[in-house]
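Please keep the sequence and the structure in view while reading.

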Amino acid sequence: MVANNLPPPEQVISMYKAKNISYVRLFHPDTTVLNALRGSGIGVVLGTLNEDLQRLASDPSFAASWVATNVQPFAGAVQFRYINAGNEVIPGDAAAQVLPAMQNLESALRSAGLTGVPVTTAVATSVLGASYPPSQGAFSEAAAPVMAQIVSYLSSKNAPLLVNVYPYFAYSGSGGTVALGYALLSADAGAASSVSDGGAVYTNMFDAIVDATHAAVEKAGVQGLELVVSETGWPSGGGGEGASVENAAAYNNNVVRHVGGGTPRRPGKEVETYLFAMFNENQKAEGVEQHFGLFQPDMSEVYHVDFTAGASS
């Protein structure tokens, strides 16, 4: 929604339904959008602003007012799937605020009688210090102390960890060492670009990143934690290496078809996945950041994604 030319939320919700899109992620609360989602049946992942983390962590009354403003008025009419405290702040200055913010939000939800909405956070793969091969995945020295506490807390609440997974950036920054087919989940990538890891064979980078994160969680002492891919996508332009309509269409359609089958580490366990983003955003930083949208602001397709192709949408 970082754009000044987007269609009204009601039109966007209608388009979600027409395209068989059943879940949406909002990076921060927006009353107009939440009102438009009332009665839609669309599951909503609702994020907090990173700049609110400090107050959410230090002031339970602020967490209570956040819930009273952004969740309570919509509860029942809007299907809240998860609330994520912060996006991609670990490791970093705000990392230590994430868990107390999660705990205060959880308490506020409980006090408001709103049970069944897991509170979590969204991390980038920068939390990993090692990721290759996937079985060697481990949190970095900077992220490990915070992540160990967070995954333990999530496990105790039976809540998932949200992970933003971008083979595109690994590919575009690799100087040619990552094969394009491996990054695009192309079935014809071939054995030459597959990765053998013990008894597992990885034919694409998406699975490798997800399973490296699973390995890191297990090394932090937690078994069986669910991972939700809270962002993944590929730019259709903007001048970056590999940024083209053809590659973006291939990547996102391949992801939709693929995630129902799980990963080598969790075969058959579908990976709940959110494509980034709905629209090209003209107020993002210039370059590829403005070109992750599946749709133009006039609601025409940048390229076609078949949301009915997966095991579930």
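Which side chains meet in a salt bridge at 3.7 Å, N to O? The side chains of R110 and E106 do, a salt bridge being a side-chain nitrogen of Lys or Arg within 4 Å of a carboxyl oxygen of Asp or Glu.

## Basis of the model

The model is predicted: local features need pLDDT of at least 70 and side-chain atom pairs count only at pLDDT 80 or more, whereas totals for chains, interfaces and linings use all residues. Residues are numbered from 1 along each chain as its sequence is written, and side-chain values use heavy atoms, with hydrogens and water left out.

## Overall form

The protein contains 10 helices and 13 strands; these are DSSP runs numbered from the N terminus, with helices of type H or I and at least four residues, and strands of type E and at least two. Its radius of gyration is 19 Å, close to the 20 Å that the globule rule gives for 313 residues, so the protein is as compact as a globular protein of that length. That radius is taken over C-alpha atoms, and the globule rule is 2.2 Å times the number of residues to the power 0.38. Along the principal axes, the C-alpha atoms fill a box of roughly 55 × 45 × 35 Å.

Of the 313 residues, 52% count as buried. Buried means under 20% relative accessible area, exposed over 50%, and partly exposed in between, using a 1.4 Å probe and protein chains only. Among contacts (heavy atoms within 4.5 Å) between residues at least 6 apart in sequence, 68% join residues at least 24 apart.

## The parallel sheet

Seven strands form an open sheet in the order β1-β2-β3-β4-β7-β10-β13, with parallel pairing. The edges are held by β1 (23–26) and β13 (273–275); each has a single partner strand, so one side of each is left without a neighbour in the sheet. Neighbouring strands are turned by 25° against each other on average, direction ignored. Angles run from 0 to 180 degrees between N-to-C directions, with axes fitted to C-alpha atoms, for helices over the stretch in contact.

Two strands are taken as paired if DSSP finds at least two bridges between them. Strand β2 (residues 43–47) pairs with β3 (residues 79–87) in the parallel sense over five bridges; here V44 stands opposite F80 and L46 stands opposite I83. On its other pairing, β2 joins β1 in the parallel sense over four bridges, with Y23 opposite G43. Five of the five residues of β2 are buried: G43, V45 and G47 point one way, and V44 and L46 the other way.

## Helices around the sheet

β1, helix α2 (residues 31–37) and β2 make a right-handed β-α-β unit. Right-handed means that, with the strands pointing away from the viewer, the path from the first strand over the helix to the second runs clockwise.

Helix α5 (residues 95–111) packs on the sheet and touches β3 and β4 (119–124); its direction makes about 150° with that of β4. Helix α6 (residues 144–157) also packs on the sheet, where it touches β4 and β7 (161–164), and its direction makes about 140° with that of β4.

## Salt bridges

The count of salt bridges comes to eight. One of them joins the side chains of E231 and R25 at 3.3 Å, N to O. E231 lies in strand β10 (residues 227–232) and R25 in strand β1, so this pair ties together parts that are 206 residues apart in sequence. Both E231 and R25 are buried.

The pair R110 and E106 lies within helix α5, four residues apart, about one turn of the helix. R110 is partly exposed, at 49% relative accessible area, while E106 is buried, at 16%.

The side chains of R265 and E218 meet at 2.7 Å, N to O, in a further salt bridge. R265 lies in the loop between β11 (262–263) and β12 (266–267) and E218 in helix α9 (residues 205–219), so the pair ties together parts that are 47 residues apart in sequence. R265 is partly exposed, with a relative accessible area of 28%. E218, R265 and R266 are linked in a network of salt bridges.

## The surroundings of Y171

Y171 is placed in helix α7 (residues 167–172) and counts as buried, at 12% relative accessibility. Leaving aside residues up to four places away in sequence, Y171 touches V178, A179, L180, A183, W234, E241 and G242. The C-alpha atoms of Y171 and Q54 are separated by 34 Å, with the two residues 117 apart along the chain.
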